[in-house]
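Please look over the sequence and the structure shown below, and keep both in view while you read. The report that follows goes from the fold of one chain to its contact with its partner.

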Amino acid sequence: MTGRRGGRPLVPAYLSTGGLAGPGRARLDRLSVLSAAPAPRPADLPAAQLALLDVLDGGSLTVVEAAALLRLPVSALQALAAALLDRELLLSRPPVPPAERFDPDLLKRVADGLRSLRQ
Amino acid sequence: MVSAPSGSSGVHLPDTAGDLVKILVAGPFGVGKTTLIDSVSEIRPLHTEERLTEASAPTDDLDGVREKTTTTVAVDFGRISLPDGVVLYLFGAPGQARFRPLWDDLAHGALGALVLVDSRRVDASFDALELVEETGLPYAVAFNAFPDAPRHHTPAQLRAALDLEPATPMVTCDARDAASSLGALLALVQRLVDRHPSEPR
């Protein structure tokens, strides 16, 4: 944890959601994977939502990565993403299939992966 | 097509990304959390600004209603793409008890925590240790090897000072060094592999 790097975000967090109080569906995980849906972008798209789709131009990002790049709090990004999901302009998937979390095989893959990188 | 903001290139997830998991890197200010994350992360250091509304008094306090204060804290994170499609995220978790709500949010779904300790001020990590234990996260302890750290303590003395269970991994690492940091993370994950999870958390 460090102090602030850089200055103010372009869009204040309280304006970025366009007045949406919160996501109207199950909250996205910090590590939910977001990608732009292959759909034309409506002309009336709020700037903040457009900015989110823009950072997803080059590929997928997690919620927390998109929040960091757009310099928004995670909660604001979650609301933006929820609005885009509702309009089917965004795709999301959970970080790990629920049944797989803390699966011994997954843990072993993490251990083996770290071991291979250390060499 | 509008181009993405400058500097975001190279941040996107690899196409091979499958399962995304996370580990918390916990400890007090200045213990080397950010240094460790940066030494192993494949993406440039990123952080989010997290706003906290802190209730300044417990609910059963009889002194009357006190003001709530909102503070902002930066949470650093990094990413390691492992072979086999697993992507490991590391989150720097503030170790102070007053960040409990943020802590719970970060800990949700985490595999475990690596608690960093500065052997020059062991007691500064007590809060972080208490938080991981309260959250029920499996953890390992890593002493960040500062050059002027005292070297006369035996592992047994350090274990006693931190009141660690015998099975809790305790290692020394140099947070500036990627291989050393990966070794500390491995000590935690190997512990998770070794213990037979009888019930999902």
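Chain A of this predicted model contains 5 helices and 3 strands, and from the N terminus on these elements follow one another as α-β-α-β-α-α-β-α. Of the 119 residues in chain A, 44% are buried. When contacts between residues at least 6 apart in sequence are considered, 72% of those in chain A join residues at least 24 apart.

Chain A has an average pLDDT of 84, and 76% of its residues score at least 70. Within chain A, confidence is lowest in helix α1 (residues 13-16), where the mean is 56, and highest in β2(A), at 98.

**The sheet of chain A**

The 3 strands of chain A make an open sheet in the order β2-β1-β3, with antiparallel pairing. Because β2 and β3 (90-93) of chain A stand at the edges and have a single partner strand each, one side of each is left without a neighbour in the sheet. Strands of a sheet pair through backbone hydrogen bonds, either parallel or antiparallel. Strand β1 (residues 33-36) of chain A pairs with β3(A) over 4 bridges in the antiparallel sense, and A:Val33 has A:Arg93 in β3(A) as its bridge partner.

**Where the chains meet**

The contact between the chains takes 40 residues from chain A and 48 residues from chain B. On the side of chain A that touches chain B, the elements giving two or more residues are α2 (47-55), β2 (61-62), α3 (63-70) and α5 of chain A. Helix α5(A) gives the most to this side, with 13 residues. By type, the residues of this side of chain A divide into 21 nonpolar, 8 polar and 11 charged.

What do the buried residues of α5(A) pack against? They pack against β1 (20-27), β4 (87-94) and α5 (178-194) of chain B, and the buried residues of α5(A) include A:Leu106, A:Leu107, A:Val110 and A:Leu114. The buried residues of α5(B), among them B:Leu182, B:Leu185 and B:Val189, pack against α5 of chain A together with β1, α1 (33-40), β5 (112-117), β6 (139-144) and β7 (170-173) of chain B.

In soluble globular proteins, nonpolar side chains tend to be buried together. The largest nonpolar core here has 90 residues, of which A:Leu52, B:Ile23, B:Leu24, B:Val25, B:Leu114 and B:Val115 touch the most other members. Helix α4 (residues 74-86) of chain A gives the most to this core, with 9 residues. Leaving aside residues up to four places away in sequence, B:Val25 touches several residues, including B:Leu36, B:Ile37, B:Leu90, B:Phe91 and B:Leu114.

**Two residues with positive phi**

A:Glu88 has a positive phi of about 60° although it is not a glycine, and A:Glu88 sits in the loop between α4 and β3 of chain A. Is A:Glu88 buried or exposed? A:Glu88 is exposed, because 9 other C-beta atoms lie within 10 Å, and a residue with 12 or fewer counts as exposed. In chain B, B:Asp84 is likewise a residue other than glycine with a positive phi, near 80°, and B:Asp84 is found in the loop between β3 (68-81) and β4 of chain B. B:Asp84 has 15 C-beta neighbours inside 10 Å and therefore counts as partly exposed.

How values were computed: Residues numbered from 1 in each chain as written. Chains lettered and ligands numbered in written order. Buried ≥ 20, exposed ≤ 12 C-beta atoms within 10 Å, placed from the backbone. Contact = placed C-beta atoms within 7 Å. Nonpolar A, V, L, I, M, F, W, Y, C, P; charged D, E, K, R; others polar. Pairing = 2+ DSSP bridges. Core = buried A, V, L, I, M, F, W, Y, C linked by C-beta atoms within 7 Å. pLDDT = per-residue confidence, 0-100.
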